[in-house]
Amino acid sequence: MQHEDPRNGESVHRGSKKSKLSSKFITESDIRDEFSHHHPSVARINNGSFGSCPGSVLTAQRHLQMQFLRQPDAFYFNTLRDGITASRKIIKDLINADHVDEVSLVDNATTAAAIVLQRIGRSFAEGKFQKNDTVLMLHCAFQAVKKSIQAYVTRAGGSVIEVRLPFPVNSEEEIISEFKKSIEEGKSNGRKIRLAIIDHITSMPSVVIPVKELVRICREEGIEQVFVDAAHAIGSVKVDVKEVGADFYVSNLHKWFFCPPSVAFLYCKKSASSSDLHHPVVSHEYGNGLPIESAWIGTRDYSSQLVVPAVLEFVNRFEGGIDGIMKRNHDEVVKMGKMLAESWGTNLGSPPEMSPAMIMVGLPSRMCLNSEEDAVTLRSHLRDHYDVEVPIFHQVSKDGEEGVRDKDGFITGYVRISHQVYNTLEDYEKLRDAINQLVEDGKTCKMLYKE
Amino acid sequence: MQHEYPRNGELTHRSFKKPKLSSEFITESDIRDEFSHHQPRVARINNGSFGSCPDSVLTAQRHWQLQFLRQPDAFYFNTLRDGITASREVIKGLINADHVDEVSLVDNATTAAAIVLQRIGRSFAEGKFQKNDTVLMLHCAFQAVKKSIQAYVTRAGGSVIEVRLPFPVNSEEQIISEFKKSIEDGKSNGRKIRLAIIDHITSMPSVVIPVKELVRICREEGIEQVFVDAAHAIGSVKVDVKEVGADFYVSNLHKWFFCPPSVAFLYCKKSTSSSDLHHPVVSHEYGNGLPIESAWIGTRDYSSQLVVPAVLEFVNRFEGGIDGIMKKNHDEVVKMGKMLAESWGTNLGSPPDMSAAMIMVGLPSRLCLNSEEDAVMLRSHLRDRYEVEVPIFHQASEDGEEGVRDKDGFITGYVRISHQVYNTLEDYEKLRDAINQLVEDGKTCKMLYTE
């Protein structure tokens, strides 16, 4: 399993402060207050895309913003650098990195991908890599990462292997075996695989990947470097970068770790070449190491990088701290997923142990969701007519493969539901009832285009 | 002259809204309220470094931020893109660009430099440029730009020519003649100059450069492309990108145009190659043109890009709008500069018509400011002991050249004072008195290290 229950009262995550031992934990009413800025009538079941941030952290952020505006020179010279270092130290402990030098704060995983891939591009340009040396990625990699590979790898003469993962998926073994097969095919042309990019939790469709095992396989197969895109990981699964063993590991702090938009950490294992990583926006700090370069890329609002201590205070108001939050999110999202699947007569996209705080639930085949456009239209329809926000995935049927069926036909669409501390049962009931209503009214996706 | 004052009541800036014709202009008391978040006792004479933002614009920004937090998916799908386009349209009107496609919004001039220089680097890598093809820049170019040249040009095999401009300067002709000489030197080795980077207003020491004339010279001399780094320009001098005639022109909106930190516009004249400009942080919008790429570089807070219409409302509360503000800032900073120079027995670094809203004023030679460290030390001392915030420049003496003298010795240090709408006479009197006190007490910069 990707995450462990706090057994024997022990926290699995090394936090700066231990969880409260008293019973003065945050109450349901406190939580409602903290998220009172969320649109009150929307069933917000898409924490994965843009994350969420409690009122107390927003207040801390505003304080920092005003501090800068009040006297920006003093803030720049006396406050900013230390504040970012303090945040980096907290992250270092949370993720079990060896040195704070291995931890940089950047805007988001998209930026981290540009940093890692720009270096790959330089290696081609400078003759370190040969034409047709390869980068390996998952077929369902995030679109920004795919484009970044196009911009920095393909353009520089590199080639790409895509690993197609099965979905729906029933076990980690299915993923491991598919991954091994793809590497064999990739190497069969005599090509050298310079970098493998592996998601820790895929975005669409969303599944937890056995990264530790895949990284081990990469090392066995002689793949030079491994970059784990763990955009969704911190705050939804346990993150231990030494255990995972990758060269680069990035996760967004604004998705599941309650930071305001936006901030991510990029972990870079110390090595002979880690000094040659650079932020693409070059400032006077160029050459001082990625953490220092990233802490100053010109005048901008760095407040989201400075509130990590305030976030830790927030999560430690919950029983079990961040571990408690993760466990409850997981238990609830599985429960809600099963509730929806049962009501709709459909399936779950992955078993519970491969779903942390998000899970894929099959949509009734009678909706006839047959394209990406259908998915977009249905999503908009749910937003505009039912006040439900949930991302929708179109499952392309593979040649020669039987898809999963419900009583009426093949299941070609899935919702990706999420659970975060602010969600209530009503959110999922709204979604359940909306879909049931559409099916009852005989609506297919095509019919929604005109509404 | 680089800037024109509204003659015959006509505006030289094309604004979206005409300023008020009634006498309901903003009052001194309103202005104090708008900037009440500034630290009250600090004489804030460094608007050039980090800019300033009035409260009504901060309120507008907070509104955008909360709208996103309230329902981020709806904001992303329905609101964000149009909001950024509206800001870009306002900028296009202000700077006299032909097409809104020529206007991209980025974080700051540092980011714009990375965009332009990364393309130069690609041209080397892809063999379009040959080893030793050249980039020309001013010796006093902003440090981030110099490092960006190192990262993207020098590393890729290109060479660099630095144009050393005279300082103190007495006329535009001095700059033009020095510039012409450097180009001759540069071309004398048979090298091809691929890009010239010219500041519109240099940072340290700060002087308004005759960019239109220098761009014309670049064209005559067959320099392929010209990038004007006008970080300080918009809101302090007239900006007409067609008149300047450069291929790329960037200016920060948070320095002198009242936007919150941070946002800048990058103007790219339409040409066959302008489609090959990319934001280094690659998202799914890659390939859709720089304006679209820059409008989505992953989840982050885009609110500073959305408040441009609110800023226009703010400046139009002033008599003469932004033009009125620029004229008043200029007149005041020259007046204050002369007041200081007279009190200290020193000089101005440039004539009034080569100064916009900032001017360099010589420090008494008796302070013995002999190094960059001395300048930093004196600046900190003024901040910590006198509550005066002003950047300080060390003028390195050139071999064989006689420097400017006051009655006691050579003038080796300058303050760069600024004037923005929130400044009062007291700010400059505080600075004047602080320096006079130090001189009276017989303090040199070296003595300040031990205090």
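Reader: In this predicted model, is Cys368(B) buried, partly exposed or exposed?

Author: The model is predicted. Buried means under 20% relative accessible area and exposed means over 50%, with partly exposed in between. Cys368(B) has a relative accessible area of 31%, so Cys368(B) is partly exposed.

Reader: What is the phi of Cys368(B)?

Author: Most residues other than glycine have a negative phi. Cys368(B) is a residue other than glycine, yet its phi is positive, near 50 degrees.

Reader: What is the relative accessibility of Cys368(A), and in which loop does Cys368(A) lie?

Author: Cys368(A) also has a positive phi, about 50 degrees, although it is not a glycine. Cys368(A) counts as partly exposed because its relative accessibility is 33%. Its loop in chain A is the one between β9 (358-362) and α15.

Reader: How far apart in space are Glu372(A) and Gly245(A)?

Author: Glu372(A) is in helix α15 of chain A, which covers residues 372-386. With a relative accessible area of 46%, Glu372(A) is partly exposed. In sequence, Glu372(A) and Gly245(A) are 127 residues apart, and in space the C-alpha to C-alpha separation is 35 Å.

Reader: What is omega for the peptide bond from Pro261(A) to Ser262(A)?

Author: Ser262(A) is found in the loop of chain A between α10 (253-256) and β8 (264-268). The bond from Pro261(A) to Ser262(A) is cis, with omega near -15 degrees.

Reader: Which strands stand at the edges of the open sheet in chain B?

Author: The sheet has seven strands in the order β2-β8-β7-β6-β5-β3-β4, with mixed pairing. Each edge strand has a single partner strand, so one side is left without a neighbour in the sheet; the edges are β2 (103-106) and β4 (159-163). From one strand to the next, the twist averages 20 degrees.

Reader: What is the bridge partner of Tyr249(B) in β8(B)?

Author: Strands of a sheet pair through backbone hydrogen bonds, either parallel or antiparallel. In chain B, β7 (residues 248-252) and β8 (residues 264-268) pair in the antiparallel sense over five bridges. The partner of Tyr249(B) is Tyr267(B).

Reader: At what angle does helix α6 of chain B run to β3(B)?

Author: Helix α6 covers residues 143-154 and lies across β3 (134-138), β4, β5 (193-199) and β6 (225-229) of chain B. The angle of α6 to β3(B) is about 175 degrees.

Conventions
Residues are numbered from 1 along each chain as its sequence is written. Chains are lettered from A and ligands numbered from 1 in the order in which they are written. This is a predicted model: local features need pLDDT of at least 70, side-chain atom pairs count only at pLDDT 80 or more; totals for chains, interfaces and linings use all residues. Side-chain values use heavy atoms; hydrogens and water are left out. Helices (H or I, at least four residues) and strands (E, at least two) are DSSP runs, numbered from the N terminus. Buried means under 20% relative accessible area, exposed over 50%, partly exposed in between (1.4 Å probe, protein chains only). Two strands pair if DSSP finds at least two bridges between them. Axes are lines fitted to C-alpha atoms, for helices over the stretch in contact, and angles run from 0 to 180 degrees between N-to-C directions. Contact means heavy atoms within 4.5 Å.
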